[in-house]
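Welcome! Have the sequence and the 3D view open, and try each exercise before reading its solution.

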Amino acid sequence: MDTLLHIPTSMAKRPCPSSSSSSSSPSQNPRPPPLLPPPSHLSQMDQLLHSFLSLADDSPSLSVDLSFDRLLESCSSDSDQSLLIDRAHKLGSLLLNAANRSARKRASVHNSLAWALPSDLTIKVFSMLDTQSLCYAAATCSLFNKCAMDPSCYANIDLTTVVPKVNNAVVSTMIQRAGKALQSLKLGVVPGPTASPGSCQPLVYTIRNSVDVSNFSWNDKKTRQGKESSILSRSCLNPISGDNGAAGALLRRLHLYNIERMDNASLCVALSACPYLLDLEIVGLHVELRQTLTSVSTSCHLIERLFFESSKTGRDDSLKSPTCVDLVNNCPKLTSLSLRGFKLHDYKVRILVKGLRKLKYADFSTSYSITGTFLRNLGSSTGGNLLEVLILRDCMHLKEVEVARFLTAVLAGDFKYLRHLDISNREGLASEGDWYSRCYNSSIIPLKQVSEVRPGICLLAEFPSEGSFVDIEHMLDSDINSEVSLPSQLSSHTSDGSLLMSSSESSYNSDQGSGSEEFQDPGFVIYEESSDEVDFLVV
């Protein structure tokens with residue numbers, strides 16, 4: 001495109017040689033045709049400029065140099081010579097800018113004639129590009145730049161990067177360009193490719209300890225940032241709620257990754273401006289689970305997918321039962337729920353899984369305190385029977401006996417829509433009597449039977465051959481700090497599992513093991529529930 005700036009005699013990007021020039025020898029360099037005489041209606045300044053430009057054809061560059069030298073010699077003082085040189089620079093700069101501007105204008109006219117698509121179709125094509133490709137296209141020429149400024153091109157903004165290089169100003173500019181057309185916004189640092197559904201790949205990223213694929217550390221990058229930081233701060237979402245929430249009015253998808261300076265207040269303000277939000281994904285933000293879910297249940301009643309991964313695995317114990325109740329009652333359209341790395345107790349998880357009657361996808365990977373009792377009597381009841389994907393990978397308190405009971409219910413015909421189950425654990429499953437005693441090759445879990453009876457289920461049960469269990473001290477400290485007792489002991493099972501197969505089914509189908517009797521918050525009233533539904537839900 002830059003070549004257009006130096007072709008003043010042709011509208012084509014690549015001027016085709018004429019027949020006469022093609023027949024001439026390569027060594028010949030024909031002179032360009034002289035300028036035509038100026039029209040009589042031109043002003044004196046126009047005619048003077050015309051005569052001046054004609055010198056490029058009539059006089060070689062050496063004669064211009066000699067003439068300018070003679071003018072300098074005619075000056076009586078050094079100051080006059082400096083003034084003459086300055087004027088020559090100024091005039092030459094003015095002519096160069098005018099020539100460049102005219103060349104760009106002619107190139108733009110040429111592009112508008114040569115580009116096959118009309119503006120509306122060009123804008124449609126640009127709206128399908130990712131944000132980075134759109135910026136590249138906008139920098140190509142003025143025609144593309146004008147089309148790329150249409151708000152519909154910024155309906156889906158993706159500013160995620162592998163290392164921090166996007167600041168608040170960039171985010172604000174993109175959101176302002178989108179205006180009310182904004183439908184999707186993705187911000188932050190994603191350390192690698194987005195994990196596939198069903199994967200437990202952690203997405204939490206820490207700037208201080210980060211090294212990108214080129215082994216170039218973040219500490220080295222800070223020296224080339226200049227005055228403007230490339231780290232997103234808590235105010236990066238302010239444009240969503242600005243202008244009376246115009247930008248967030250139609251926002252459907254909001255994904256935030258590892259924005260270390262984000263806080264609860266800023267996130268809650270942004271969510272309050274997104275009443276039609278359908279998809280919320282939060283990874284590695286230093287915000288509380290309870291406050292975030294409260295904001296979602298208050299402002300985002302139409303949400304269908306919620307993905308929340310803690311920045312501090314196992315340390316966030318802020319979730320309370322009333323918050324779970326509010327989320328169930330106010331967000332009935334929720335079909336996908338992922339709460340990864342939080343300290344969740346079975347009776348709270350049960351409120352969510354059983355209360356969200358449209359829930360199809362549940363992921364509680366790396367969550368502490370989940371034993372599996374929340375799964376009892378779910379498959380045949382109204383809530384939980386639509387589950388298609390259940391992921392409990394690396395839940396350190398997940399008990400072997402509860403997994404066995406759950407799979408026994410699957411064999412009995414419950415959870416008819418289940419197609420993906422992940423109970424893998426890098427430290428093995430917790431034993432019945434003491435969760436410090438780990439099970440790595442369980443004989444009571446009917447994995448083979450489930451594979452035969454329900455071949456449509458993708459069952460992942462990956463356990464180490466022998467355990468290392470390096471997280472015992474961390475989890476013990478977490479248990480002490482939370483001041484929550486361990487779950488009550490369940491009845492023991494025989495080594496061959498015969499007692500479990502006969503007696504656990506009745507225990508599983510009864511609602512005594514629903515988990516509502518464990519880990520109760522002080523002062524919280526336990527709601528009575530029937531075998532089919534939770535009575536406190538708003539119908």
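**Exercise 1. Find what share of the protein chain's residues count as buried.**

Step 1. Of the 539 residues in the protein chain, 42% are buried, where buried means under 20% relative accessible area, exposed means over 50%, and partly exposed is in between (1.4 Å probe, protein chains only).

Step 2. Keep the origin of these values in mind: this is a predicted model, in which local features need pLDDT of at least 70 and side-chain atom pairs count only at pLDDT 80 or more, while totals for chains, interfaces and linings use all residues. Residues are numbered from 1 along each chain as its sequence is written, and side-chain values use heavy atoms, with hydrogens and water left out.

**Exercise 2. Count the helices and strands, then work out the strand order of the open sheet.**

Step 1. The protein chain holds 18 helices and 12 strands; these are DSSP runs, numbered from the N terminus, with helices being H or I of at least four residues and strands E of at least two.

Step 2. An open sheet is built from 10 strands, ordered S1-S2-S3-S4-S5-S6-S7-S8-S9-S12, with parallel pairing. Two strands pair if DSSP finds at least two bridges between them.

Step 3. Strand S1 (156-161) and strand S12 (458-460) are the edges, each pairing on one side only. On average, neighbouring strands of this sheet are turned by 5° against each other, direction ignored; axes are lines fitted to C-alpha atoms, for helices over the stretch in contact, and angles run from 0 to 180 degrees between N-to-C directions.

**Exercise 3. Trace the path from S1 to S2 and say which helix is part of the unit.**

Step 1. S1 and S2 run parallel and are joined by six bridges; asparagine 156 has serine 184 of S2 as its bridge partner.

Step 2. Helix H8 (residues 168-178) lies across S1 and strand S2 (184-189), at about 165° to S1.

Step 3. Together S1, H8 and S2 form a right-handed β-α-β unit: with the strands pointing away from the viewer, the path from the first strand over the helix to the second runs clockwise.

Step 4. Five of the six residues of S2 are buried, so S2 is largely enclosed by the rest of the structure. On to strand S3 (residues 253-257): five bridges join S2 to this parallel strand, and leucine 187 is partnered there by leucine 256.

**Exercise 4. Which residues touch the most other members of the largest nonpolar core?**

Step 1. A nonpolar core is a set of buried Ala, Val, Leu, Ile, Met, Phe, Trp, Tyr and Cys residues joined through side-chain atoms within 4.5 Å.

Step 2. The largest one has 91 residues, and Leu187, Leu237 and Phe364 touch the most other members. Helix H15 (residues 400-411) gives the most to this core, with five residues.

Step 3. Setting aside neighbours within four places in sequence, phenylalanine 364 is in contact with residues including Leu337, Val353, Ile391 and Cys395 (contact means heavy atoms within 4.5 Å).

**Exercise 5. Is helix H14 (residues 346-355) enclosed or open, and why?**

Step 1. 10 of the 10 residues of H14 are buried, so this helix is largely enclosed by the rest of the structure. Among them are Asp346, Lys348, Arg350 and Lys354.

Step 2. The buried residues of H14 pack against helix H13 (321-330) and strand S6 (336-340).

**Exercise 6. Where do asparagine 377 and phenylalanine 415 sit?**

Step 1. Asparagine 377 is in the loop between strand S7 (361-363) and strand S8 (389-391). Asparagine 377 is buried, with a relative accessible area of 6%.

Step 2. Phenylalanine 415 is in the loop between H15 and S9, and is buried at 0% relative accessibility.

Step 3. Check phi: the value is near 60° for asparagine 377 and near 55° for phenylalanine 415. Most residues other than glycine have a negative phi.
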